[in-house]
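Please have the sequence and the model open while you read this note. The points can be checked one at a time.

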Amino acid sequence: MTQQTVAERTWARYTPQQRWKRFLTMLVVAAAVVWAVESIDIIWPWVWDAPAQVGDLFGRMVPPDVSNLRAILWALVETLNIATIATFVAIFLSLPIAYIAAQNTTPNRFTLWLGRFILVSSRSVNTLIWALLFVAIFGPGVLAGIIAIMFRSIGFLGKLLGEAIEEIDRRPVEALEATGASRAKVVLYAIVPQVMPTFFAVGILRWDINLRESTVLGLVGAGGIGVILQGAIDTLAWQTVATILLAIIALVILGEALAAWLRKKVI
Amino acid sequence: MLRIQNLIKRYGHGEPVLRGLDLDVPGESVVSIIGASGAGKSTLLRCINRLVEPTEGSIELNGLELTHLKREELRKARRRIGMIFQGFNLVDRLTVMENVQCGRLGYIPYWRAALRKYPAEDIERAYHLMERVGIAHYANKRADALSGGERQRVGVVRALMQQPEILLADEPTASLDPVSSRQIMELLQTLSQELSLPVLINIHNVAEAREYTQRIVGMRFGKLIFDGVPADLDQEAMDAVYSGTPGEARQQAESGPAHSPAVVS
């Protein structure tokens, strides 16, 4: 029985060509990172200084100043209301858009294209940028904030609801069409019940996100607690800033807990 | 009376699925349609209520030509045709009563449907029919909480709520266990007599077809090649209907539900 020598069998995970490709890819990635680091202008002494600055800032923030608590709590309520109103209105506005943006319910190609265009344009602009725009249109205040959050939410809600509509079971739809029900009634009885769980889950999720987004709206003058925060930072009232930050954290945690509880309830 | 003449259905530019099919269903008879998978049974039923658009031919229900109806007329005509599905096709998240009332959607105004304010006589009729098939105590349960046999009863009641002039059943027992399967077939048979309703049943289980129907129609490659009483369906006729299909599938179709639920599709 003859045995082949070890040297006659060779095996390599990659061919030479593959190896070169992998090497080149890694080279390109490394070059991109080096270029990125080179091109941004970091002032290194400020970075080395950071721990001392953190200690200093912390010292100025403690103890938090609660003398303005009434005003801060009121701003929190305003923030909450911005998020709630905007989410509520956005849900209703997103329903028809989801309907025309879903392939299986849209009346024709044009409406499908229109629906998707609305969703993409809403989603590609950040809430803060919408807010800047609406502050310019409506002036600073709560209204600009509400509309900004609404505009951003429509894209989010419409996209997810549209996907839920596309994933429904076709068979009940067919059955109801066979009974001679009109299109509107088929939607009401065969499609709405199927997307209801997603509808609630997505609505609650968006409310949760909107609560967090509405805390920063004030930075561009669109109402909510951000207005007071900006004012406190501008006047270097660090102890007040500390109270506001703690209040925001408390609100967001409470909101998150409420959202989690609601999700459990509806699903 | 249902009269189908020279029915042709072609999907796209492919080979026709139905090739000039003629079928008369007079009065209150229960007719089984048997045939191998792909023979065109489902397409035939769906052409009748135009869930599938027929390519050519004529379908007449009690004097009304169905093939040329426009949208609104078609909607009105569909109210007169009840359909029962293999997968039941209920709305899972709605209650049994809501599912049953779906059969009335073509008749009641939109606000009644939206608010679930069904007319009193519809509710009365629903309870009457649900009691008849033994599901009245489930009225407030969600449809997905029921077993297969119970769900198919909901499907049957939904179709009957339409006060149809004909009942189309597309493999109504293929998703059911043998016992439920026989119960549903028995139900369709007796309901047909009670309500003097013609019933057209696509079925894979030839034993059940023989037992519960007065007339059997055999389809093969889009044409009727057998039409007679169960006694006429001898071995030769069975061969003609099923020849060319795997022997196993045929054996399963022949043997009674005691051995297998005969899911051949």
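The points below take up a sheet, a threonine, a group of aromatic rings and a tyrosine.

1. This is a predicted model, in which local features need pLDDT of at least 70, side-chain atom pairs count only at pLDDT 80 or more, and totals for chains, interfaces and linings use all residues. Residues are numbered from 1 along each chain as its sequence is written, chains are lettered from A and ligands numbered from 1 in the order in which they are written, and side-chain values use heavy atoms, with hydrogens and water left out.

2. Chain B holds an open sheet of 6 strands in the order β6-β7-β8-β3-β9-β10, with mixed pairing, where strands (E, at least two residues) and helices (H or I, at least four) are DSSP runs numbered from the N terminus, and two strands pair if DSSP finds at least two bridges between them. At the edges are β6 (81-84) and β10 (223-228) of chain B, each of which pairs on one side only. Within this sheet, β7 (residues 166-170) and β8 (residues 199-202) of chain B run parallel and are joined by 4 bridges, and A169(B) stands opposite I201(B) in β8(B).

3. T84(A) lies in helix α3 (residues 69-101) of chain A.

4. Over all chains, a search of the whole structure finds 10 aromatic pairs. The rings of W130(A) and F134(A) count as stacked because their centres are 5.9 Å apart and their planes at 15 degrees. Rings of Phe, Tyr and Trp (its six-membered ring) pair if their centres lie within 6.5 Å, and planes under 30 degrees apart count as stacked, over 60 as edge-to-face and the rest as tilted. Ring pairs link W130(A), F134(A), F138(A) and F151(A) into a cluster.

5. The charged end of R79(B) sits over the ring of Y107(B), 4.4 Å from its centre, and R104(B) lies over the face of Y107(B) at 4.1 Å from the ring centre. The criterion is that NZ of Lys or CZ of Arg is within 6 Å of the ring centre and within 35 degrees of the ring normal.
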